[in-house]
Amino acid sequence: MVKRYRLLFTGRVQGVGFRWRNFRYARQHGLSGWVQNQDDGTVLLEIEGEEEKLKKFMQYLKNNPGYAVITSQICEEIKPEGDKKFIIRYKLW
């Protein structure tokens, strides 16, 4: 069953390769969605895929944060959008 989650990360999650690590993992494992830095220093991520792959992604986040220090994570299930790939979104200043 395909599901989609929206996750908001706080802590030291910008400037430490956090978006890139999630991008690389999602692409390698056939997940879709996007990740984007927010103006308040948080990172917002939407991830979509088969439930088992999403469980593995969540475990990856927990065990392999790299240089990031995640102090909190808010996760909510949202409606799947049918994205075809995972991208890094950049804000236009």
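**Reading burial, contacts and cavities**

Modeller: Start with one residue. Asparagine 22 is buried, with a relative accessible area of 1%. The model is a predicted one.

Colleague: Which cut-off makes asparagine 22 count as buried?

Modeller: Buried means under 20% relative accessible area, and asparagine 22, at 1%, is therefore in that class.

Colleague: In which element is the place of asparagine 22?

Modeller: Asparagine 22 sits in helix α1.

Colleague: Which residues does asparagine 22 touch, not counting residues up to four places away in sequence?

Modeller: Asparagine 22 touches Leu45, Phe57, Leu61 and Phe86 on that count. For its polar side chain, look at the backbone too: a polar atom of the asparagine 22 side chain lies 2.9 Å from the backbone oxygen of phenylalanine 18.

Colleague: Is phenylalanine 18 buried or exposed?

Modeller: Phenylalanine 18 is buried, at a relative accessible area of 3%, and its place is also in helix α1. Leaving out residues up to four places away in sequence, phenylalanine 18 touches Phe9, Val13, Val43, Leu61, Ala68 and Ile70.

Colleague: Which residues of α1 are buried?

Modeller: The buried residues of α1 are Phe18, Asn22, Phe23, Tyr25 and Ala26. They pack against β1, β3, α2, β4 (69-78) and β5. After α1 comes glycine 30, with a positive phi near 70°.

Colleague: Now the cavities. How is empty space inside a model found?

Modeller: A probe the size of a water molecule is rolled over the atoms, and this shows where empty space is left.

Colleague: How many cavities of 30 Å³ or more does the structure hold?

Modeller: The structure holds one cavity of 30 Å³ or more. The largest cavity has about 40 Å³ of space.

Colleague: Which residues line the largest cavity?

Modeller: The lining of the largest cavity consists of Phe18, Arg21, Asn22, Tyr60, Leu61, Asn64 and Pro65. Two or more lining residues come from each of α1 (18-28) and α2 (51-63). α1 gives the most, with three residues. Phenylalanine 18 and asparagine 22, discussed above, are both in the lining.

Colleague: How many residues of each class are in that lining?

Modeller: Four nonpolar, two polar and one charged residues make up the lining of the largest cavity.

Colleague: A core is the next feature. Which residues of the largest nonpolar core touch the most other members?

Modeller: The largest nonpolar core has 21 residues, and Phe9, Phe18, Leu31, Leu45, Ile47, Phe57 and Phe86 touch the most other members. The elements giving two or more residues to this core are β1 (2-12), α1, β3 (43-50), α2 and β5 (86-89). Take isoleucine 47 as a case: beyond its neighbours within four places in sequence, isoleucine 47 is in contact with Lys3, Arg4, Tyr5, Leu7, Ala26, Leu31, Ser32, Leu54, Phe57 and Phe86.

Colleague: What is the relative accessible area of arginine 6?

Modeller: Arginine 6 has a relative accessible area of 29% and is partly exposed. Its place is in strand β1. The side chain of arginine 6 makes a polar contact with the side chain of glutamate 46, at 2.8 Å. Not counting residues up to four places away in sequence, arginine 6 touches Leu44, Leu45, Glu46, Ile74, Cys75, Glu76 and Ile78.

Terms used: Residues numbered from 1 in each chain as written. Predicted model: local features only at pLDDT ≥ 70, side-chain atom pairs only at ≥ 80, totals over all residues. Heavy atoms only, no water. 1 Å grid on protein atoms, 1.4 Å probe; cavity = no way out; pocket = protein on both sides within 12 Å on 5 of 7 lines; lining within 4 Å. Points joined across faces, edges and corners; volume = space filled by probe spheres on them. Helix = DSSP H or I, 4+ residues; strand = E, 2+ residues; numbered from the N terminus. Nonpolar A, V, L, I, M, F, W, Y, C, P; charged D, E, K, R; others polar. Buried < 20%, exposed > 50% of the residue type's maximum accessible area, 1.4 Å probe, protein only. Polar contact = N/O pair within 3.5 Å; in protein donor to acceptor, adjacent residues only side chain to side chain. Contact = heavy atoms within 4.5 Å. Core = buried A, V, L, I, M, F, W, Y, C linked by side-chain atoms within 4.5 Å.
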